[in-house]
Amino acid sequence: LPKPLRTYFPSRPSRAELRRAVATSLYDLGPAASRALLTAIELGVKHLDGYEGSMLLRALYWSIPESPHAVQILSNYLAHPAPGKSFFGMRDARKIWARLPHLAPLLAPWLHQFDTTSEAAEALGLMGTNAAFAIPRLIEIAQGRSSPNPAEQLASRRSGTIDRLSNLPLINRAAAIEALGNIGF
């Protein structure tokens, strides 16, 4: 378009921009909308990381455990941990983990991700004895013998968590100790 017309006809947003907009607004719409849009949440969770991804996980929260589709979306998401990838990260998620103890094996690899160790430990602790297999790894973390490798540190810095990076070992240790207590070790 000629320059004078461009101001009247803005360019269309890209798919990534649309996904981000949907992700940030879907949680605000509430439980009814998130339940109706599970397929959109599933697509967004596959393509978004960071804040938008965590907002979609929060929107998914309202459909768990009543919806098998929502549980499957969460299972698929948990099966692919990566440095800097978002986790639930909210206090309300505590209600989810106790209802989904069969997902405990999917959380074990998240204990090896430096920036999600504390959240994975908390989730495993809420699953009780179903998470007994993770006790050796939680003991390593609690004793401070689990330090991040350079690739994990770099990924954490890139994901915007550099301010928390220095405190993460202490946060991870505290979460591992609490998880061990909740599991009954």
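These are my notebook entries on one predicted protein model.

**Ground rules.** I number residues from 1 along each chain as its sequence is written. Because the model is predicted, local features need pLDDT of at least 70 and side-chain atom pairs count only at pLDDT 80 or more, while totals for chains, interfaces and linings use all residues; side-chain values use heavy atoms, with hydrogens and water left out.

**Whole protein.** I looked up the secondary structure and got 13 helices and zero strands (DSSP runs numbered from the N terminus: H or I of at least four residues for helices, E of at least two for strands). Of the 185 residues, 43% are buried (under 20% relative accessible area with a 1.4 Å probe, protein chains only; exposed is over 50%, partly exposed in between).

**Helix 9.** Next I checked residues 117–126, which make up helix 9. Seven of the ten are buried, among them T117, A120 and L124. What sits over them? The cover includes helix 7 (94–99), helix 8 (104–107), helix 10 (135–142) and helix 13 (168–183), going by contacts (heavy atoms within 4.5 Å). Just past helix 9, I found G128 with a positive phi of about 65°.

**Y8.** Then I went to the loop between helix 1 (3–6) and helix 2 (15–29), where Y8 lies. Is Y8 buried or exposed? Y8 is exposed, at 64% relative accessible area.
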